[in-house]
Structures are given as structure tokens and as C-alpha cells.
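Please read the following points beside the sequence and the three-dimensional view. Each point takes up one part of the chain.

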Amino acid sequence: MIFSFRLYWQKKVREDEKRTAVLSGYLDRIMEGQYDTLMQHDTGSELEDSIYKAVVLLREEREQAQGAKKNLADNMADLSHQLKTPAASIGLTLSLLKKKAWDEETKQDIGRMEGQVGHLQHLVGSMLTLSRLDAGVLELEEKEFDLEEMLVDAVQPFVRQMEEKGICFGIQGADGISLSGDFGWCSEAFGNIIKNCVEHTPEQGNISIACRDNPIYTEIVIQDSGRGFDEADLPHLFERFYRGAGFSKDSAGIGLALAKSIIEKENGTVTAKNTETGGAGFYIKFYHCH
């Protein structure tokens with residue numbers, strides 16, 4: 001009798017372990033987004049029924065959230081298209097007006113308006129990109145590219161501004177390093193970070209980019225010789241529309257947020273802190289294992 005009870009108990013324990021393993025595997029699949037049904041022999045109990053109902057509810061909420069993000073991205077695309085046309089028209093009109101015989105003060109006013117139109121166009125484009133990233137509909141290439149070439153491409157729009165301010169700029173350690181990702185969007189992300197450094201670096205200052213590679217990740221460190229960050233701003237630097245102390249009056253507070261979103265999409269991380277010499281430092285890592 002004792003022997004029979006032991007056999008029964010061992011069988012029950014094995015069945016419970018099997019049942020637990022099945023439910024555990026099912027929950028793991030849920031966490032990975034696989035909303036399949038339970039196995040046939042597990043559909044009878046109240047626990048499995050409750051789990052299945054919860055899964056259906058989660059799936060519906062997830063699909064609704066994805067749909068809402070997709071609609072937002074579509075609406076932003078439509079809005080961007082509607083805004084780009086009149087902005088381009090205004091820019092062209094201002095450009096033609098500058099050619100007329102205005103007095104110097106009027107020409108300066110027209111120039112400032114041109115700058116604001118350009119700022120508006122950049123803002124609209126950035127908002128569109130962020131909404132597409134949020135919705136997961138921004139397609140990024142997965143292609144190997146040269147790191148140094150990408151960094152040179154990212155800094156090109158700011159070369160003239162750096163020359164005017166007498167800023168010394170250099171890239172070290174990037175030669176021979178390759179990354180896998182989207183060349184254009186990585187250049188966009190680094191361009192936003194470099195732009196921030198250029199704006200906050202004084203005349204005759206320095207901006208440096210140092211790179212190093214190891215089997216786990218590639219690290220790119222961008223530093224400037226500006227005044228650095230206020231301690232109160234550091235936790236919020238990559239938040240959208242955040243404008244801390246010393247930010248440019250024309251800044252919308254979206255460039256660093258966009259850079260962070262793109263870098264994370266490319267299996268990377270970005271952090272910021274003050275350097276030992278007091279300037280700003282941005283630390284980017286791209287991990288090799290996806």
C-alpha cells in the first residue's frame with residue numbers, strides 16, 4: 001500500500017513538473033510576443049483559461065498600441081508633407097527678396113527669417129523621424145560601413161562653422177574600424193551630437209573624437225572644451241524638448257533625443273557627463289552582438 005502510494009505520488013509530482021514546465025514555456029513565449037494557444041491537454045483547468053484570457057487581452061492592447069503608433073507616424077508624415085511645401089516656398093521668396101536693393105537692416109531681418117524657416121524645416125523632419133522610430137516603421141539598413149568615413153560625413157555640415165570659430169577638430173583611432181548598421185542614420189545621430197558640441201565650444205576651442213574597438217563593442221567618445229553640463233541638466237539631456245542652462249535660443253531640445261533613439265535602434269547606448277577638464281563628453285557604444 002505504501003509502495004503504491006509512493007508510485008502515485010511520484011507520478012503526480014512528474015505531472016505537476018511537466019505542467020509547470022508547459023506553463024512556464026507558454027509564459028516565456030508570451031513575453032517574446034508569441035501569442036499562440038496552449039497545448040491541447042492543458043486547456044481544461046481554470047488557470048489555463050485565465051492565462052489564455054489574459055493573453056488575448058494583452059494581444060489586443062498591444063495591437064491597439066501598435067496601431068495608434070502607426071497612425072501617429074502616418075499623421076506626422078502627412079503633416080510634414082503639408083508643412084514642407086509652404087516652408088520651402090517661404091524660403092525661396094526670402095531668398096529672392098534678399099537680392100533686391102534693401103537697406104542693410106532689412107537684409108539682416110530677411111536673413112534671420114531665412115534662418116527661422118530652416119530651423120522649422122529641420123524641426124519638422126526631426127519630429128517625423130522620432131515618430132517613425134517610436135512606431136517601429138523607420139527602416140534601417142544593416143550594412144557594414146567604415147567608421148571614420150561615417151564620422152567625417154557627420155561633421156561635414158559644421159566644418160565652416162568650426163573654421164569661423166577657430167575650433168580645432170580631430171578624429172583618432174577610427175581607422176580600420178567597421179560597424180554594421182545604417183550609414184545615413186548613424187551619420188544623422190552623430191551630426192546632432194557634434195552640432196551640440198560646436199554650439200557650446202568657445203572660439204579657439206577643441207572638439208575631439210576618440211574611437212576604440214574590442215570584441216564586445218566599439219566605443220566612440222566625443223569631447224569638447226566648452227563649459228560642460230550643469231549637474232541639474234545631466235539626467236535630462238536626452239529628453240525630448242528639454243532645454244537646460246546654456247542651450248541655444250534656437251534649440252528645440254530634440255537633437256540629442258533623436259540621436260539617442262537612432263543609436264539605441266542600432267544596438268548602441270549613449271551617455272553624457274562632464275570631462276575631467278570641465279568640457280562636455282558623450283560616450284557612445286555599439287555592441288557587436290545583436
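1. A residue is called buried when its relative accessible area is under 20%, exposed when that area is over 50%, and partly exposed in between. The model under discussion is predicted.

2. Helix α7 covers residues 255-265, and its buried residues are L256, A257, L258, A259, S261, I262 and I263. After this helix comes N267, which has a positive phi near 65 degrees.

3. With a relative accessible area of 24%, N267 is partly exposed.

4. Q204 is another residue other than glycine with a positive phi, near 65 degrees. Its place is the loop that lies between α6 (183-200) and β4 (206-213). Because its relative accessibility is 62%, Q204 counts as exposed, the cut-off being over 50%.

5. How much of strand β5 is buried? Seven of the eight residues in this strand (residues 217-224) are buried, so the rest of the structure largely encloses β5.

6. The pairing of β5 should be read on both sides of the description. With β4, the strand runs antiparallel and is joined by seven bridges; C211 stands opposite I220 of β5.

Definitions and conventions. Residues numbered from 1 in each chain as written. Predicted model: local features only at pLDDT ≥ 70, side-chain atom pairs only at ≥ 80, totals over all residues. Heavy atoms only, no water. Buried < 20%, exposed > 50% of the residue type's maximum accessible area, 1.4 Å probe, protein only. Helix = DSSP H or I, 4+ residues; strand = E, 2+ residues; numbered from the N terminus. Pairing = 2+ DSSP bridges.
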